[in-house]
Every structure is written in structure tokens, then in C-alpha cells.
Amino acid sequence: MAPAGDREGYWGPTTSTLDWCEENYAVTLFVAEFWNTVSNLIMIIPPIFGAVQSIRDGLEKRYIAAYLALTVVGMGSWCFHMTLKYEMQLLDELPMIYSCCVFVYCMFECFKTKSSINYHLLFTLVLFSLIVTTIYLKVKEPIFHQVMYGMLVFTLVLRSIYIVTWVYPWLRGLGYTSLTVFLLGFLLWNVDNIFCDSLRNFRKRAPPILGVTTQFHAWWHILTGLGSYLHILFSLYTRTLYLRYRPKVKFLFGVWPMVMFEPQRKH
């Protein structure tokens with residue numbers, strides 16, 4: 001990890017338990033980690049459109065919640081990296097747990113009757129979230145949070161592999177793409193942590209534009225944001241396929257993927 005605060009800016013001394021490899025207040029005195037902050041836009045804007053589209057399509061509320069949960073993570077991460085304050089760090093890290101719980105619920109309810117509610121799973125996930133929140137607020141150990149988050153992601157990976165292996169093999173492209181993009185982001189997250197000193201030394205010598213490309217924590221935001229969005233699409237595609245809505249992945253403006261479908265016609 002980077003040392004706590006290279007420069008002191010608008011938000012004052014760093015109080016978060018983590019300080020990433022991006023040089024603090026290097027771009028502007030009003031944003032502690034500029035690139036780590038603006039890279040969260042991919043987790044904020046597209047999911048809002050996804051939630052709006054889900055409302056228009058009359059989809060189950062859990063998918064609206066999934067999109068909005070990803071937006072909340074992006075907003076919390078924005079506040080954290082902008083200020084490097086402990087309170088803002090919690091707004092980033094705790095919603096990561098909560099959003100993954102929403103994703104888990106969606107994935108395990110793909111093959112149930114429409115509008116059904118699994119109270120046992122819902123209670124388990126809420127209890128898990130409360131326990132993790134309580135422990136994390138007490139111990140303030142980032143590794144604990146990372147392990148709990150990793151457990152949820154691993155659960156999603158196993159469920160996804162089950163679906164593309166045994167239920168809908170033709171969804172392998174979408175399922176494995178979301179997983180690959182997410183894992184690539186995780187790889188860059190580790191590179192950023194392990195080789196921070198080397199990256200900082202490189203950025204001192206390299207042209208600014210080239211240096212920006214080595215802000216790997218920002219790439220982590222972009223890739224995991226895209227991977228999470230694609231995972232929601234995968235979950236939504238699986239669900240609407242089960243409900244016989246004839247879903248298709250279409251690209252908005254030829255670039256951004258969305259799931260479009262037609263409800264089953266009644267004869």
C-alpha cells in the first residue's frame with residue numbers, strides 16, 4: 001500500500017485504514033486520488049440506466065436492487081477515494097458486501113416461480129451482512145473484509161459455472177466473459193499493491209499520459225465494474241430465459257450491452 005498521504009489537500013489528513021498506490025492530491029487539491037475516483041463512473045451511470053430499464057420492463061424488484069446496489073458501491077468508492085476518510089471507506093467497503101448478497105440472492109432464485117420470495121435465503125444473507133458489518137466495525141481489519149467479499153464472489157463463481165455447465169451451456173460466452181473481466185481487474189489490483197514503489201518510480205519518469213495507464217487500482221474499478229454489470233446481465237438473462245421471455249443481448253449505441261426481451265405470448 002501507498003504511504004498515508006503524499007500531500008495534504010482539501011479533505012485534510014488521511015484517516016482511512018487503506019491508502020492506495022495513486023499519488024495523493026497529484027491532479028487537484030480537491031480530490032485525493034483523482035483517477036481512482038473518476039474511474040467509478042462505470043459503476044454509477046450504466047447501472048442507473050439498467051435499473052430504469054428494469055422498471056420499464058416490469059422485472060422483479062431484486063434485479064432493480066442489483067443494479068442500484070452496484071451504483072451505491074460506485075458512489076461509496078467515489079467518496080472514499082476522493083477524501084481518504086475512514087467514514088467514506090465504510091461507504092465503499094460495506095456496500096460491496098451488501099451488493100454481493102443481492103447478486104447471490106438473484107443467482108440462486110433464477111429457477112423459481114415468478115415473484116416468489118425465498119425467506120430462508122433472504123434471512124441468511126441479511127444475517128451474514130449484519131455479522132460482517134458488526135465484526136468489521138469492531139476490528140477494522142481490511143483483510144477480514146476482503147476475505148468475506150471473496151467468499152461471496154467465490155459463491156457467485158461456483159453458481160455461474162453450474163449454470164453454464166449443466167443448465168444453459170450456450171450462456172458460457174456471457175458468463176465466462178463477466179468472470180474473466182472481473183478476474184483481470186483482480187489481477188491488476190494485486191499488481192498495484194505489490195509493485196507500488198516501482199509503479200510510482202515509473203510514473204515520475206514517464207510522460208503523464210503514459211503514467212495514467214499504470215493507475216491499476218483505477219483499472220480495477222473499471223474492470224470489476226464492467227464485470228459486475230455483465231454478471232447482472234448474465235443473471236438477468238438466465239432468469240428471463242427460464243421465464244421464456246426470449247432474451248437477447250443488444251448493444252446500446254453499438255457499444256454498451258443490455259438485455260432486451262419479449263414476454264411470452266399467451267395463447
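Predicted model: local features only at pLDDT ≥ 70, side-chain atom pairs only at ≥ 80, totals over all residues.

Colleague: Then is C79 buried, exposed or partly exposed?
Modeller: C79 has 25% relative accessibility, so it counts as partly exposed.

Colleague: How many disulfides are there?
Modeller: One. C21 is bonded to C196, with an S to S distance of 2.3 Å.

Colleague: What hand does the C21 and C196 disulfide have?
Modeller: Right-handed, because the torsion about the S-S bond is about 100°. C21 sits in the segment before α1 (34-38) and C196 in helix α8 (residues 196-205), so the link ties together parts 175 residues apart in sequence.

Colleague: Are those two cysteines buried or exposed?
Modeller: C21 is buried, at 1% relative accessibility. C196 is buried too, at 3%.

Colleague: New topic. Which residues make the nonpolar surface patch?
Modeller: I117, Y119, L122, V126 and L130, covering about 500 Å². V126 is in helix α5 (residues 119-139). V126 is partly exposed, at 44% relative accessibility.

Colleague: What does UniProt annotate as "transmembrane region"?
Modeller: The unreviewed entry lists several stretches, including 64-84 and 96-112.

Colleague: How much helix is there over residues 64-84 and 96-112?
Modeller: Residues 64-84 are 95% helix, with end C-alpha atoms 30 Å apart. Residues 96-112 are 76% helix, with end C-alpha atoms 26 Å apart.

Notes. Residues numbered from 1 in each chain as written. Heavy atoms only, no water. UniProt positions renumbered as here; feature names shortened; annotations may be inferred. Helix = DSSP H or I, 4+ residues; strand = E, 2+ residues; numbered from the N terminus. Patch = residues over 30% accessible without salt bridge, like charges linked within 9 Å, V, L, I, M, F, W, Y side chains within 5 Å. Areas by Shrake-Rupley, 256 points an atom, 1.4 Å probe, with all protein chains shown as cover. Salt bridge = Lys/Arg side-chain N within 4 Å of Asp/Glu carboxyl O. Buried < 20%, exposed > 50% of the residue type's maximum accessible area, 1.4 Å probe, protein only. Disulfide = S-S within 2.5 Å.
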